[in-house]
Amino acid sequence: MATHPIPIETHDTHSERLITQAEQELAQGDRLQASEKAWGAVAHRMKAIAEQRGWEYISHAQLFDIVERLAEEAGSNEVRHLFAYANGLHRNYYVDATPIRQLEYEIAQVKRLLEMLKRAESRNGA
């Protein structure tokens with residue numbers, strides 16, 4: 001069984017820092033870094049939820065399992081809908097095809113997702 005190193009900072013701390021950096025990068029016009037930092041903020045928040053609930057999260061693909069579990073738990077598709085923006089930002093890092101105005105919108109949607117995920121953590125005793 002593989003052991004995982006203990007992070008220096010919590011996933012929640014990484015998430016908060018990365019979404020702030022995403023907004024700063026966007027303000028500076030760096031579409032690639034803004035995209036990837038916003039994605040990273042979501043990935044770290046999801047990792048925090050997975051750890052809290054004892055769910056496995058080792059690979060990128062497992063994020064989709066976590067999204068499904070959270071959507072079922074909430075009885076809503078909103079987490080799926082908002083996660084699609086985050087995943088699109090991750091793709092944009094590799095293709096740089098999204099204009100700044102669209103990135104502004106998508107990062108705003110990611111911030112909505114992060115707030116939703118924080119509430120999910122709180123409901124579970126974090």
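Author: His11 belongs to helix α1 (residues 11–27). The model is a predicted one. With a relative accessibility of 12%, His11 counts as buried, because the cut-off for that class is under 20%. Its side chain makes a polar contact of 2.9 Å with the side chain of His44. Apart from neighbours within four places in sequence, the residues in contact with His11 are His44, Lys47, Ala48 and Glu51.

Lys47 lies over the face of Tyr57, 4.9 Å from the ring centre.

Next come the ring pairs. A pair of aromatic rings is described by two quantities, the distance of the centres and the angle of the planes. There are four aromatic pairs in the model. In the pair Trp39 and Phe83, the ring centres are 5.8 Å apart and the planes stand at 55°, so this pair is tilted. Trp39 sits in helix α2 (residues 31–53) and Phe83 in helix α4 (residues 78–95), so the pair links distant parts of the chain, 44 residues apart. Trp39 and Phe83 are both buried. For Tyr93 and Tyr94, the centres are 5.1 Å apart with the planes at 85°, so that pair is edge-to-face. Tyr93 is partly exposed, at 29% relative accessibility, whereas Tyr94 has a relative accessible area of 60% and is exposed. Finally, ring pairs join Trp39, Phe64 and Phe83 in a cluster.

How values were computed: Residues are numbered from 1 along each chain as its sequence is written. This is a predicted model: local features need pLDDT of at least 70, side-chain atom pairs count only at pLDDT 80 or more; totals for chains, interfaces and linings use all residues. Side-chain values use heavy atoms; hydrogens and water are left out. Rings of Phe, Tyr and Trp (its six-membered ring) pair if their centres lie within 6.5 Å; planes under 30 degrees apart count as stacked, over 60 as edge-to-face and the rest as tilted. Helices (H or I, at least four residues) and strands (E, at least two) are DSSP runs, numbered from the N terminus. Buried means under 20% relative accessible area, exposed over 50%, partly exposed in between (1.4 Å probe, protein chains only). A charge sits over a ring if NZ of Lys or CZ of Arg is within 6 Å of the ring centre and within 35 degrees of the ring normal. A polar contact is a pair of N or O atoms within 3.5 Å; within protein, one must be able to donate a hydrogen and the other to accept it, and residues adjacent in sequence count only if both atoms are side-chain atoms. Contact means heavy atoms within 4.5 Å.
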